[in-house]
2 protein chains.
Amino acid sequence: MFASRAWDGGRAGFSSVDASLLDRSVSRFAPAAPLYAQIAESLLEQIESGELPPGARLPSEREWSEALGVNRMTLRRALRLLGAQGLLVRRRGDGTYVAKPKIERQAAHLVPFTKGMERRGYLPGARVITLEKRPAETAVAHELRIPVSAPVFFVRRLRLINREPVMLERFTAPAHRFPGLERHDLSNRSLYDVMEKEYGVIVVRARQSLEPVAAAEYEAEVLEVEPGVPLMLERRLGFDQDDEPVEYGEDLYRGDRFRFVTENALLES
Amino acid sequence: MFASRAWDGGRAGFSSVDASLLDRSVSRFAPAAPLYAQIAESLLEQIESGELPPGARLPSEREWSEALGVNRMTLRRALRLLGAQGLLVRRRGDGTYVAKPKIERQAAHLVPFTKGMERRGYLPGARVITLEKRPAETAVAHELRIPVSAPVFFVRRLRLINREPVMLERFTAPAHRFPGLERHDLSNRSLYDVMEKEYGVIVVRARQSLEPVAAAEYEAEVLEVEPGVPLMLERRLGFDQDDEPVEYGEDLYRGDRFRFVTENALLES
């Protein structure tokens with residue numbers, strides 16, 4: 001399956017780029033896809049099929065463009081295209097590598113970050129950047145069905161897996177539902193765990209949306225990526241067991257580390 | 001709701017940026033979010049609440065930074081942050097405007113593009129870029145459960161709404177299921193419609209994934225956006241009424257025009 005790549009072995013040899021694939025694409029409609037896009041597609045195939053496993057180092061652009069019989073600019077454009085999709089990682093002064101496979105999040109279900117990561121064998125962590133009580137702004141108040149300027153808790157946390165920063169979380173909750181929230185250690189505990197154990201509030205369902213965004217300078221800095229790289233913005237309005245809105249979240253996931261999957265999307269009639 | 005913005009009127013006046021909001025955020029944990037991020041958040045609130053409706057023109061950076069009492073670089077960074085999220089649109093030599101609201105796609109359901117757009121009152125269209133028969137590459141063959149190099153149809157189409165390019169579609173289907181597919185006019189018909197009416201194949205469910213990616217040069221050119229802007233890559237493996245995989249799709253949506261929503265995500269136990 002495309003999202004649980006079946007690695008078929010450890011063959012990382014780069015002679016395996018099959019140059020015969022490059023001229024197969026005789027388009028019947030103009031304009032045809034350019035040569036670099038076709039090279040990228042064939043390289044993508046090799047990554048997805050496991051011929052090029054995660055961590056494999058690519059040959060130098062000079063050697064490789066000669067082997068393929070294309071000019072360096074064409075090859076570079078193909079590599080940029082795959083780099084933009086998070087499939088290749090460039091390490092300065094070193095070389096280009098095949099990226100680690102992405103971690104899956106469920107797009108159709110509500111899976112708390114901590115639980116989702118633990119289930120996949122990762123060690124999740126959190127670093128609190130901001131925790132403050134402040135008046136609710138108009139849009140957030142509307143979402144949470146509280147008066148404008150009513151007090152809310154606002155939390156900004158950096159989420160880590162295996163000590164690597166992978167997600168920047170912004171979280172707003174009505175203060176009257178969680179008195180004393182600031183006293184709990186949110187760097188060592190899941191927010192959902194605190195909400196349930198300390199306040200008896202269980203988020204049972206949510207409205208969620210996903211949007212691709214470019215990393216701003218501050219976001220790039222804390223997530224340790226380059227400014228401008230693609231991130232996934234997940235917005236979430238969570239409802240408790242009485243169907244009251246109790247949290248409004250905006251999570252920014254690193255696009256090179258995550259994909260959002262719906263296992264069984266049924267045709268809408 | 002955050003994804004169906006409730007515009008509360010036509011007040012586009014820019015004096016409405018509330019400078020008093022700027023000093024509310026006294027962080028209890030270092031490092032605090034920088035000033036420009038706070039300005040961006042407050043501007044975002046005004047966009048989401050409808051105080052700043054779509055199409056509203058922003059004042060000049062000079063006037064505005066003076067009114068806010070911040071330097072121009074700080075304001076510019078805040079605007080770049082919102083621009084990166086597709087909320088602002090810069091028109092060269094003219095000014096900056098609040099972007100149109102995004103169109104919603106269902107993340108948890110399979111909704112054919114044509115049907116989804118028509119339901120929302122848009123006029124969908126398609127322009128065929130590539131339609132060819134070619135041998136299946138390893139990964140695609142594996143997905144479609146056909147032998148490597150078995151013939152597949154490969155289609156690249158540009159999808160339009162109201163004549164504006166908004167999505168670039170790549171579609172692969174096993175050739176033996178759709179003999180003569182190339183004879184059908186795919187610029188005027190939905191692929192799902194052709195599959196059903198001409199071949200009796202109905203895609204009833206799919207495995208889908210969403211990833212944020214940066215627009216490569218070719219993609220940017222056909223989608224009429226700047227290279228590097230965020231796009232949403234939706235991959236889809238579609239199964240027919242006999243649960244056979246019949247289509248593998250990779251759709252690239254403009255990030256400034258779409259968001260992907262799950263209306264009712266239930267807590268996974």
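Analyst: Let's start with rings: those of Phe, Tyr and Trp (its six-membered ring) pair if their centres lie within 6.5 Å, and planes under 30 degrees apart count as stacked, over 60 as edge-to-face and the rest as tilted. This is a predicted model, where local features need pLDDT of at least 70 and side-chain atom pairs 80 or more, while totals for chains, interfaces and linings use all residues. Residues are numbered from 1 along each chain as written, chains are lettered from A and ligands numbered from 1 in written order, and side-chain values use heavy atoms, without hydrogens and water.

Over all chains there are 8 aromatic pairs. One of them is edge-to-face: Phe178(A) and Tyr199(A), 5.3 Å centre to centre with 85 degrees between the planes.

Now to the place where chain A touches chain B. Each partner has its share in the contact (heavy atoms within 4.5 Å): 94 residues from chain A and 94 residues from chain B. The size of an interface is often given as the accessible area lost when the parts come together. Here the two chains bury about 8300 Å², 50% of it on carbon and sulfur atoms; this buried area, found with a 1.4 Å probe, is summed over both parts.

Next come salt bridges, where a side-chain nitrogen of Lys or Arg lies within 4 Å of a carboxyl oxygen of Asp or Glu. The structure holds 61 of them over all chains, and 21 lie across the interface of chain A and chain B. Among them, Glu263(A) pairs with Arg207(B), with the closest N and O atoms 2.8 Å apart. Another joins Arg119(A) to Glu268(B) at 2.6 Å, N to O.
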